[in-house]
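Biologist: I would like a close look at a single part of this model, with the cut-offs behind each term spelled out. Please take the surroundings into account as well.

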Amino acid sequence: MARSVTQQRKAINTAVAWAVGLLIFFPILWTILTSFKTEAQAINDPPLFLFFDWTLENYAVVQERSDYMRFLWNSIIIAGGSTILGIIIAVPAAWSMAFVPSKRTKDILLWMLSTKMLPAVGVLYPIYLVFIRLGLLDTRIGLVVVLMLINLPIIIWMLYTYFKEIPGEILEAARMDGATLKEEILYVLTPMAVPGIASTLLLNIILAWNEAFWTLNLTAANAAPLTAFIASYSSPEGLFYAKLSAASTMAIAPILILGWFSQKQLVRGLTFGAVK
Amino acid sequence: MATQHSRSAARIMMAPAVILLLGWMLVPLTMTVLFSFKKYLPLRGGDLGWVGFDNYVRFVSSSAFWPSVQVTLVIVGGVLAITVALGVLLALLLDQPMWGQGIVRILVIAPFFVMPTVSALVWKNMFMDPVNGLFAHLWKFFGAEPISWLSEASIQSIIMIVSWQWLPFATLILLTAIQSLDSEQLEASEMDGASPLARFGYIILPHLGRAITVVVLIQTIFLLSIFAEIYVTTQGAFGTRTLTFLIFQRVLESQNVGLGSAGGVYAIILANIVAAFLMRIVGKNLDS
């Protein structure tokens, strides 16, 4: 008896949860569906859900007319470059704070986090000016550096929390066996740290990919990534629903897939260990 | 001896990150503070000298200032209320046993991974457009007059778009917190005859208190500086000019750097007040 009640409850839960889940996901689903319609079908009255002539035409047109690949490539360079650069700088820092903590470690960590709280708009003009002076405006390298800096606190924090979980005894044992600092890092620490570094990498690529303040304000034609490319569709002459949908689908698909792998890391990376 | 050695090694390893972040913080911040005390119009004469607190007074006394503060607070408050309330409900729902839990979770989390310019444009054109938007079709279906959302109900529309983006974040964090709840405590209360509502009010909600605080603080920091959603929808028109957008317009559009910088300093102070609370919670957690 009790069992059938729980089965029944489970069925109700399932129905409600799927309905809510699909409702929340609907805008994304609708965008993907629209990307396979013709422009006329996209604004058909009443709206067409599944029964239309599926076409790949929009994807071809978006690439042809706007050189989508160039924006994609910029996004890849900027998101990937800033993340890799950030990790190279953050690994030693996080390592030393996790394994050689001093009295000031906590203060340093909190201070680093506080730089993340600085509202971007408050320093927009100085950065703009520095970029002009250094010839970095509308260059990929400039954005790589800025996005690396804004995400560096999160990278250090995530790595720190992962490194903290590696038992210090193992390192001591390696030291006792006569391992040098270099050997210790290379053969003992690195293999244990790889999963943490991979998760950090993943989350930060997502954050950098979607960043839309500096990418919009510091780029024009050359270095513009997908965020800026999509924003260009906001002008009235760019109002083609099917093409907008195709461009949007291409811009979000890689990150949606990466994001599904990084659900767990999201909590760790964005709450700074305040929620476990 | 070894500790001495590793300590200095540790300091060297930390140096690049510390120096970079210090530079990233101090250089632009110093420039912003300096500019804020100057009359600085790059396109109309450039640096026109020191003006004391003139910019600070003018920024606050301009007719755009208080509306922008109000809009900012309404948007931040609205999004927080919606995401926390729905987030708690969704987290409770997702915590229940069901079939296909993993897939539902993915569906719910997905909006967080959509880049802000995409979600703003998709909502603006494909849902909120008064002629071709899905909402217009829905309204017509029920015999109502379609609403041009972003001009007639602009703030509500923006709150809706931003809530959609941030609901997954709140849900995910609250779900993580619910899952760390001791199930024995819940079972014991159930055996003692506590109603579901009582269990929620006396056990689950207090347990979620800290997670809710963290969600509120982190979201506040991000929401205070939302930009792309307004940039691609209304460009600050129809009463949607937030403090962030006002400063952006002063600095880059009207090229009044002194005035914009004074606004920037206000924004920095505002963000720091929120950040101070967040830091206290994070700091406490570091000790334990």
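Biologist: What does A:F49 count as, judged by its relative accessibility, and why?

Modeller: This is a predicted model, in which local features need pLDDT of at least 70 and side-chain atom pairs count only at pLDDT 80 or more, while totals for chains, interfaces and linings use all residues. Residues are numbered from 1 along each chain as its sequence is written, chains are lettered from A and ligands numbered from 1 in the order in which they are written, and side-chain values use heavy atoms, with hydrogens and water left out.

A:F49 counts as partly exposed because its relative accessibility is 42% (buried means under 20% relative accessible area, exposed over 50%, partly exposed in between, with a 1.4 Å probe and protein chains only). A:F49 lies in the loop that runs between α2 (39-42) and α3 (57-66) of chain A, where helices are DSSP runs of H or I with at least four residues, numbered from the N terminus. Together with A:L50, A:F51 and A:W54, A:F49 forms a nonpolar surface patch whose accessible area is about 520 Å² (patch residues have over 30% relative accessible area and no salt bridge, and nonpolar side chains are joined within 5 Å; a salt bridge is a side-chain nitrogen of Lys or Arg within 4 Å of a carboxyl oxygen of Asp or Glu; areas come from the Shrake-Rupley method with a 1.4 Å probe).

Elsewhere in the chain, helix α6 (residues 124-133) of chain A is largely enclosed by the rest of the structure, because seven of its ten residues are buried, among them A:Y125, A:I127 and A:F131. Just after α6(A), A:G135 takes a positive phi of about 70°. As for confidence, chain A averages a pLDDT of 85, and 96% of the residues score at least 70 (pLDDT is the predictor's confidence in each residue, from 0 to 100).

Definitions and conventions:
Patches are made of residues with over 30% relative accessible area and no salt bridge: like charges are joined within 9 Å, nonpolar side chains (Val, Leu, Ile, Met, Phe, Trp, Tyr) within 5 Å. Helices (H or I, at least four residues) and strands (E, at least two) are DSSP runs, numbered from the N terminus.
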